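Subject: A structure for you to look at

Hi,

Here is the structure I promised to pass on. Have a look at it first, and then read my notes below.

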Amino acid sequence: MSDSQKKLLKALIVGKPNVGKSTLLNSLVGEKVSIVSRKAQTTQKNTTGVITKDNSQLIFFDTPGLNKIEKNIRIYETFKTVAENVDVLIYMVDNTKKSQSIDDQFRNWLNNNENKFKKKILIINKIDCIEKVNLFEITKKINGVINFDETFFISLSKKSGMERFLNWVEKQAYSNEWLFQQTYKSNISKKNFLSELTREKVFEYIHEEIPYNLEINTDYIEPSGNKSLKVYQTVWLNKKSYKPIILGKEGKSIKMISIQARQDMEKFLKSKVHLFIKLKIKKSG
């Protein structure tokens with residue numbers, strides 16, 4: 001295929017925590033590239049997901065929840081850099097009223113930058129949890145604050161509405177060279193993604209107060225017998241009090257975390273995995 005036939009589109013996904021941004025990205029790419037958790041503000045950095053289909057390359061950026069962006073200067077600066085270089089803004093809400101309220105800071109930022117976007121679209125997720133009569137009111141209310149070019153109604157859990165949305169996105173692609181190789185899926189390295197998988201399971205199984213910026217390192221990966229892999233990870237804890245919480249009674253919590261993380265790693269690596277996790281306390285000072 002010649003470069004003159006290639007098309008490109010870059011889209012930024014924004015919204016409040018837990019509206020389904022990471023799930024949307026994973027659904028679009030067709031595999032897990034961003035972790036999903038019920039714990040708010042799980043996404044700590046911009047995750048890039050890439051779809052290359054026929055002659056079009058579609059690039060999606062999953063950002064930390066808007067609450068996190070507003071509170072962290074470093075994340076906000078990264079967000080601005082990405083936002084200034086995309087074509088489409090995707091604003092995502094769900095069935096909760098909190099997600100449907102648009103912060104003054106974001107609205108002011110958008111008012112000053114909306115000319116940078118070719119299109120602004122609204123996605124309402126979890127429509128299976130919203131009465132149809134209320135969808136119009138929600139759409140009207142949000143468009144009264146920001147005038148979106150299109151609105152899409154989806155349910156990621158029921159896998160509905162995605163085809164119409166993706167078809168619309170593909171039609172927005174314009175003639176341009178691709179930014180990535182055809183097989184490229186995400187900006188997250190193999191080691192980092194394995195760390196993210198374990199972090200996802202920690203948040204899933206630990207109901208106590210564990211910080212969302214929990215640091216997990218994949219120290220190394222080595223081949224083992226029968227074409228399997230050994231994965232060694234370290235969970236770095238800021239406080240000693242976190243250790244018994246993650247271990248759980250008689251080590252049951254860390255065992256479940258390890259089993260679930262290992263199963264996801266095997267799907268990702270397409271290989272049998274032996275996972276070894278150790279907990280370490282960060283030295284203060």
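Strand 9 (residues 229-237) and strand 10 run parallel and are joined by 9 bridges; two strands count as paired if DSSP finds at least two bridges between them. Strands here are DSSP runs of E with at least two residues, helices are runs of H or I with at least four, and both are numbered from the N terminus. Within this pair, L237 stands opposite I281 of strand 10.

A word on the source: this is a predicted model, where local features need pLDDT of at least 70 and side-chain atom pairs count only at pLDDT 80 or more, while totals for chains, interfaces and linings use all residues. Residues are numbered from 1 along each chain as its sequence is written, and side-chain values use heavy atoms, leaving out hydrogens and water.

The two strands belong to an open sheet of 3 strands in the order 8-9-10, with mixed pairing. Strand 8 (215-223) and strand 10 (273-281) are at the edges with a single partner strand each, so one side of each has no neighbour in the sheet. On average, neighbouring strands are turned by 20 degrees against each other, direction ignored (axes are lines fitted to C-alpha atoms, for helices over the stretch in contact, and angles run from 0 to 180 degrees between N-to-C directions).

Helix 8 (residues 190-205) packs on this sheet and touches strand 8, strand 9 and strand 10, where contact means heavy atoms within 4.5 Å. Its direction makes about 125 degrees with that of strand 8.

In total, the chain has 10 helices and 10 strands.

Best wishes
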